[in-house]
Amino acid sequence: MVVGDNNSSPDEEQILNSDPKVVPDASHGSSGSSSSALAGAEIDIESVARRIQQALTVGNKQHRFWETQPVGQFKDAGDTSIPDGPIEQPTPVSAVKQEPYNLPGLYEWTTCDMDDDHTCTEVYTLLSNNYVEDDENMFRFNYSKEFLHWALRPPGYFKSWHIGVRVKASKKLVAFITGVPARIRVRDEVVRMAEVNFLCVHKKLRSKRLAPVMIKEVTRRVHLENIWQAAYTAGVVLPTPITTCRYWHRSLNPKKLIDVGFSRLGARMTMSRTIRLYKLPEATMTPGFRKMELRDVPAVTRLLKGYLSQFAVAPDFDDNDVEHWLLPVEDVVDSYVVESPETHEVTDFCSFYTLPSSILNNQNYSVLKAAYSYYNVATKTSLLQLMNDALIVAKQKDYDVFNALDVMHNETFLKELKFGPGDGQLHYYLYNYRLRNALTPFELGLVLL
Ligand SMILES: CC(C)(COP(=O)(O)OP(=O)(O)OC[C@H]1O[C@@H](n2cnc3c(N)ncnc32)[C@H](O)[C@@H]1OP(=O)(O)O)[C@@H](O)C(=O)NCCC(=O)NCCS
């Protein structure tokens with residue numbers, strides 16, 4: 001139970017005792033239970049298969065926190081007798097725990113007002129020094145202040161969902177987590193959810209079980225708004241992904257990408273051949289391709305609604321959402337439409353958002369300018385040509401790389417437009433909503449920032 005949970009959980013106790021280590025339970029998922037099943041009168045082949053699958057995919061890892069949460073559990077994977085839908089039913093809002101969860105004595109909760117420039121800078125600084133890095137610690141996401149301002153203030157946002165932790169004595173911001181409201185359709189049902197993002201704990205405070213307290217606190221504040229589900233992504237495997245996607249990368253500035261170690265020169269390739277390989281036309285090719293404007297909002301909403309309806313999980317955007325999420329904001333989000341030169345009808349749409357990464361420890365470069373494919377809808381133009389034009393404008397605007405997940409119909413252009421597969425995976429999750437069967441990335445119509 002998450003709601004009305006007034007007791008100090010093992011996670012909170014752990015923080016207070018500051019013993020960070022998780023002790024692996026040698027019996028978890030071991031062959032002992034499977035062999036006893038085999039020795040029994042009835043052999044439950046399905047459950048044996050499930051255990052083998054589990055052991056292979058999650059390496060017997062225990063999740064002391066996530067096992068207590070209403071999320072799909074690995075042990076239930078493939079159990080078709082459990083229905084799709086909410087795992088726990090909502091309680092009256094009055095029954096939701098009214099006080100914040102306990103933090104260790106040296107720390108206090110703070111609500112971060114993203115309209116306040118000083119607070120926004122504090123959040124930016126925490127994230128730019130402590131947020132997600134690649135496995136080799138060569139790059140770190142560097143979300144801009146303008147991006148954070150945009151990402152955290154969509155229609156109907158709650159200030160109380162922008163949660164920080166400060167050191168009581170110095171007031172230094174040392175941890176952060178956020179939610180923003182969204183309507184997300186899961187198969188036939190539109191569900192009000194929180195999109196949870198920007199979970200970050202200062203490097204010096206890692207492995208002290210602070211993250212579970214942050215997650216419980218954002219959950220509590222989401223419940224206080226009578227919202228009971230959430231969507232989130234992570235690079236790590238947790239119970240249980242609804243799908244697992246891969247990032248693909250399209251070099252726009254191959255020389256820089258190679259110089260900073262983002263990519264390598266291919267076998268039998270010279271630098272000049274590589275530069276030629278990734279060269280793009282100077283100007284976009286589709287007649288009527290232009291920047292999206294406010295007057296395009298209804299047409300873009302229509303295009304998106306039509307396109308997203310075919311995916312199992314996708315946002316349910318209205319005009320207000322489209323105006324916020326897709327109207328261009330300089331260096332934050334770029335959107336283009338194709339307006340038919342004859343009929344003036346808007347027939348196609350593409351977009352990307354801007355997320356630079358800091359380049360750690362390189363003498364010549366400090367920032368990698370990356371565009372991330374967002375939502376794209378092609379009805380008259382081919383998706384291939386539309387995305388080629390997106391690459392062309394990104395190159396004109398001096399991006400170094402264009403990234404895209406293999407979600408929606410992206411597979412149909414990735415290889416042909418010379419994207420290469422990355423090595424990282426991105427797992428998508430739903431909180432308090434079970435999907436019996438995992439989705440393929442192509443069934444997913446949702447991009448989280
Ligand atoms: C992610 C981060 C906040 C976790 O904090 P931490 O100090 O490493 O871990 P803690 O000891 O506080 O908590 C560990 C628990 O959090 C869970 N956890 C770790 N990363 C998580 C994530 N990204 N999303 C949800 N839960 C996560 C762990 O699985 C573990 O729970 P479990 O025992 O049930 O498996 C921290 O590593 C960090 O700031 N990393 C850089 C930024 C980042 O990767 N953010 C997440 C982006 S998706």
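Serine 357 has leucine 368 in strand 13 as its bridge partner. This is a predicted model: local features need pLDDT of at least 70, side-chain atom pairs count only at pLDDT 80 or more, and totals for chains, interfaces and linings use all residues. Residues are numbered from 1 along each chain as its sequence is written. Helices (H or I, at least four residues) and strands (E, at least two) are DSSP runs, numbered from the N terminus.

Strand 12 (residues 357-359) pairs with strand 13 in the antiparallel sense over two bridges; pairing requires that DSSP finds at least two bridges between the strands. The open sheet has three strands in the order 2-12-13, paired antiparallel. Strand 2 (139-141) and strand 13 (367-368) are its edges, each pairing on one side only.

Now to helix 4. Val123, Leu126 and Leu127 are buried there (20 or more other C-beta atoms within 10 Å of a residue's own; exposed means 12 or fewer, partly exposed in between; C-beta atoms are placed from the backbone). Seen down the helix 4 axis, the buried residues fall within an arc of 90°, so they line one face; the arc is that of the directions from the helix axis to the C-beta atoms. The face turned away from the buried side carries exposed Asp117 and His118.

Lysine 172 counts as partly exposed because it has 13 C-beta neighbours inside 10 Å. Its C-alpha atom is separated by 8.4 Å from that of glutamate 122, 50 residues apart along the chain.
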